[in-house]
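Q: Could you take me through the salt bridges in this one?

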Amino acid sequence: MGHAALQDIVSSGRRLSFDEAVALYNEAPLLELGRAAHAVRLRKHPEPVVTYVIDRNINYTNVCYVDCAFCAFYVRPGVEEDARGERAYVLPHEEIGKKIDETKALGGTQILLQGGHHPDLKIDYYEDLFRYIKKNHPIHLHALSPPEVMHIVKVSKITLDEALDRLIEAGLDSIPGGGAEILTDRVREVTAPRKATAQEWLDVMEAAHRKGLRTTATMMFGSVDTVEDRVEHLLKLRDLQDRTGGFTAFICWAYQRPGPENHALGLDLEARDTSAHTYLKTLALARLVLDNFENLQSSWVTMGHGVGQLSLQFGSNDFGSLMIEENVVSRAGVDYCMSLEYLEHLILDTGYTPKRRNMFYEVLN
């Protein structure tokens, strides 16, 4: 796809088809694609502002039976301590409460609460936990990825509607987009055959939106997926957003291959391109395809601070989370962290004004 065609797409604002999106990724030079994505970002957000959120990723358990090929975090059920020396745990309510209080003391407005697929944790566990949090440590609960919700449905032997109704009544405020990886079953059958299917992920999100919950959407690329898989993933998100309007933001990141000491199943993905070039090109394509998404987040947590800054010229208008605590990505050997002052410095250094926000992209300062 040539320069003129790309400029026509940007200026007209017309919707990209599957074939056009694939052609753009394969044929458009990186900087041209970035300029086009940045133009769309400026059209949606003309103000010189980049938002961010302060939250904490609390993993309530690391016990999980799914055996995702890309995960170095989990411990299998029934294993007290695995070969890496990782011990199985379910955090006590009081420890979760302490982590929330620490988060609030640092200006945090929400917690991201996610964990493994623990076979013994049914719906009543989550109801008790959510009610405990709301009573003793009130904060916005951005909790339970769609695969976790489907796990709760299956182990509790209840319907999806009942599970969501009970979780909302107990205090669930919004749902993160984790567990999407790539929303094609061809990819999921290789990387996570025991996890929720692509359609189940979409079903949870659509049901949540219908009940008034807002959610985020994600994509982890660079495992066994192709460009066509990524475009199919984006189009499924776009179609659902057309129906419900429930997504607040999209976040993508490149697969992080665990080191030999942490690699769970030994899936050999070393030949895959998960470079900064690929990340920026994929991000820019997402900004052009997802015309009905208002916000795109940078993924500095996986890609690093410098690439995070560059992403603000490739379609992102949000710097994501300060991430007071993060365990899953760091287990794969990727450990980027920063202070609030440095996060704001990185945003200022790109020519934007940093603004703190909440889950709903309401500016707080």
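**Salt bridges**

A: There are 19 salt bridges in the structure (a side-chain nitrogen of Lys or Arg within 4 Å of a carboxyl oxygen of Asp or Glu). This is a predicted model, where local features need pLDDT of at least 70, side-chain atom pairs count only at pLDDT 80 or more, and totals for chains, interfaces and linings use all residues. Residues are numbered from 1 along each chain as its sequence is written, and side-chain values use heavy atoms, with hydrogens and water left out.

Q: Which residue does Asp173 form a salt bridge with?
A: Lys134, with the closest N and O atoms 2.6 Å apart. Asp173 sits in the loop between α7 (160-170) and β5 (174-175), Lys134 in helix α5 (residues 123-136), and 39 residues separate them. Helices (H or I, at least four residues) and strands (E, at least two) are DSSP runs, numbered from the N terminus.

Q: And Asp229, buried or exposed?
A: Asp229 is buried, at 7% relative accessible area. Buried means under 20%, exposed over 50%, partly exposed in between (1.4 Å probe, protein chains only). Its salt-bridge partner is Arg186, closest N and O atoms 2.3 Å apart. The pair links helix α10 (residues 227-244), which holds Asp229, to helix α8 (residues 185-191), which holds Arg186, 43 residues apart. Arg186 is partly exposed at 43%.

Q: What about Asp161 and Lys211, how far apart are the closest N and O atoms?
A: 3.4 Å in that salt bridge. Asp161 is in helix α7 and Lys211 in the loop between α9 (198-210) and β6 (214-221), so the bridge ties together parts 50 residues apart in sequence.

Q: Which residues are linked in a network?
A: Arg15, Asp242 and Asp291 are linked by salt bridges.
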